[in-house]
Amino acid sequence: LSAAPASAFCGAPAARALGTSRRAATAGDRRRLAPLFLLGGDDENKPRLTRETEPDEYFASDFESLSAEDKLKDPLVLIGLGSIFFPFVLLVIFNQMGLIGI
């Protein structure tokens with residue numbers, strides 16, 4: 001057996017075959033790879049959102065403002081809860097009837 005490089009076994013070509021070098025990225029490379037703000041301009045001077053500057057109002061749907069009792073009256077919530085618990089109830093029933101053995 002000959003000593004083949006590890007990349008030959010993995011199916012990945014060696015770095016020299018691709019013509020890439022292993023040098024570290026310079027500052028010029030980072031500037032060229034910086035994100036381009038095509039539609040919004042330069043966002044460096046935009047104020048950052050912090051806890052102190054966060055607005056008191058936020059978007060909330062009508063469903064989020066309902067009480068727990070009103071949420072449980074919603075048919076989709078009942079269908080969701082039923083679809084979670086139904087298989088377990090069915091499992092207990094079938095086990096008690098002897099149709100399955102656990």
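One salt bridge is present in the structure, which is a predicted model. This salt bridge joins the side chains of D70 and K73, with a distance of 4.0 Å from N to O. Side chains of opposite charge can pair when their charged atoms come close. The two partners fall into separate accessibility classes: D70 is partly exposed, because its relative accessibility of 35% lies between the limits of 20% and 50%, whereas K73, with a relative accessible area of 63%, is exposed because this value is over 50%.

The chain contains five helices and zero strands, so that the order of elements from the N terminus reads α-α-α-α-α. Of its 102 residues, 1% are buried. The accessible surface of the chain amounts to about 10200 Å², and carbon and sulfur atoms account for 62% of this area.

Confidence in the prediction was examined for the chain and for its elements. The mean pLDDT of the chain is 74, and 57% of the residues reach a score of at least 70. Among the elements, the lowest mean pLDDT, 52, belongs to helix α2, formed by residues 15-18, while the highest, 95, belongs to α5. Where pLDDT is low, the predicted coordinates should not be read in detail.

Within α5, a kink of about 35° is located at F85, shortly before the proline P87. Just after the helix, G98 adopts a positive phi of about 85°.

Definitions and conventions: Residues are numbered from 1 along each chain as its sequence is written. This is a predicted model: local features need pLDDT of at least 70, side-chain atom pairs count only at pLDDT 80 or more; totals for chains, interfaces and linings use all residues. Side-chain values use heavy atoms; hydrogens and water are left out. Helices (H or I, at least four residues) and strands (E, at least two) are DSSP runs, numbered from the N terminus. Buried means under 20% relative accessible area, exposed over 50%, partly exposed in between (1.4 Å probe, protein chains only). Accessible areas come from the Shrake-Rupley method with a 1.4 Å probe; for residues, only the protein chains shown count as cover. The bend at a residue is the angle between axes fitted to the seven residues ending there and the seven starting there. pLDDT is the predictor's confidence in each residue, from 0 to 100.
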